Amino acid sequence: MKNINTVTPFEDTHFDRKTVTVTRLPADVVEAKLGIALSDDQVKRLCGATTNARITVQFKSRWLKAEVGDEDVPAGLFFEVENPAYNRSDAVVGIYLDEASDEIMLYIKSVNFIKGRVKSLAARMVAVIVREAMNIGITRLRLLAAGGREWQDFVAEVHKPERWGGYFAWPLYGFDMALGDSDESLISEFPFFPKNLSACATVLDVLEIEGGREWWKVCGNGHYMEFDLSSPSTPSITTLDAFLGAAKV
Amino acid sequence: MTIMNEGIWSKLRRVFAKATETGAAPVKERKKTSLPPHTNKPVSSRKEDIKKLSKGRNRSYANVDLDDI
């Protein structure tokens, strides 16, 4: 975790907590609803807030279809991060209880940095989140990694359709998921290269083999992915750490 | 709104008790919470799911531009 734990000049510049403000709605929402207390600094780190961001903490007991469409966003304590200097729309991150595993998890609902503003910003954001999440005992992060071969373009500006990049970016930062049925049938059409593609069970498996990264960029298909921070040596942690080192962020 | 049972709540408090060790405000005793468990929607195939999610053309998901990775 050397690179994850190192506060780089890049992090000092783009994730300066001293410049970030936190507002709680209502003021005592955490204590009132959950009976727990997170300091402002912890909130800032848990949502990977960028420099000069304004965070609003809100308890969401349910999400409306108008807010999240068909995305399976959990109920929990959510942090909405407003920062026009970095974001095209507000980032939204929350902590919640996962019933199946009885674990406290963190859900990254929305990230939408300004195109071309800062390269590898999301990778360092994940590192900031990971450090704090591990500190308080969260063992998994989850998100919907949008994009890939079956995903339509999205339209951020009129007449300028864009491709979602989450399906490719998040696994490079350590997020993973099992390959789907349609991925596996497609893999059977690639008997020679990438070598050993048919032995891959997850996205991180694919990215590890020669030609796997290129294959996933073209043929991959995004869905819900998770980052395992149950120990300092999980594939998620080692993948993120290696990425940060290579990207020098 | 779901009320968590005591067992789950005990675990929640234990997890966040670690926050105290790292400098957070003290954890308060509270028997009930309104933090509902995350219940997944009925299982549908990934293909169908992506079709629905993808139609939300202006939805805000966790995204990173391919040129900014």
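**Conventions**

Helices (H or I, at least four residues) and strands (E, at least two) are DSSP runs, numbered from the N terminus. This is a predicted model, in which local features need pLDDT of at least 70, side-chain atom pairs count only at pLDDT 80 or more, and totals for chains, interfaces and linings use all residues. Residues are numbered from 1 along each chain as its sequence is written, chains are lettered from A and ligands numbered from 1 in the order in which they are written, and side-chain values use heavy atoms, with hydrogens and water left out.

**V20(A)**

In chain A, the loop between α2 (9-14) and β1 (21-25) holds V20(A). V20(A) has a relative accessible area of 6% and is buried. Buried means under 20% relative accessible area, exposed over 50%, and partly exposed in between (1.4 Å probe, protein chains only).

Contact means heavy atoms within 4.5 Å. Neighbours within four places in sequence aside, V20(A) is in contact with K44(A), A49(A), T50(A), N52(A), A53(A) and I55(A). From V20(A) to A247(A) is 25 Å, C-alpha to C-alpha, and 227 residues in sequence.

**Nonpolar cores**

A nonpolar core is a set of buried Ala, Val, Leu, Ile, Met, Phe, Trp, Tyr and Cys residues joined through side-chain atoms within 4.5 Å. The largest has 74 residues. I55(A), I138(A), L141(A), W170(A), Y173(A) and W216(A) have the most contacts inside it. Helix α6 (residues 121-135) of chain A gives the most to this core: ten residues. Another core, of 17 residues, lies apart from it and includes V92(A), L144(A), A146(A) and Y224(A).

**W170(A) and N63(B)**

Beyond four places in sequence, the contacts of W170(A) include V111(A), A122(A), M125(A) and F175(A) in chain A. In chain B, W170(A) is in contact with A62(B), N63(B) and V64(B).

N63(B) sits in strand β2 (residues 62-63) of chain B. N63(B) is buried, at 5% relative accessible area. Among its contacts beyond four places in sequence are N112(A), F154(A), W164(A), G165(A) and W170(A). A polar atom of the N63(B) side chain lies 3.3 Å from the backbone nitrogen of G166(A).

**Helix α2 of chain B**

Helix α2 (residues 46-55) of chain B has the buried residues D49(B), I50(B), L53(B) and S54(B). Down the axis of α2(B), these fall within an arc of 125°, so they line one face of the helix. The arc is that of the directions from the helix axis to the C-beta atoms.

The buried residues of α2(B) pack against β6 (140-144) and β9 (224-228) of chain A. Turned away from the buried side is a face with the exposed residues K47(B), K51(B) and K55(B).

Methods
Polar contact = N/O pair within 3.5 Å; in protein donor to acceptor, adjacent residues only side chain to side chain.
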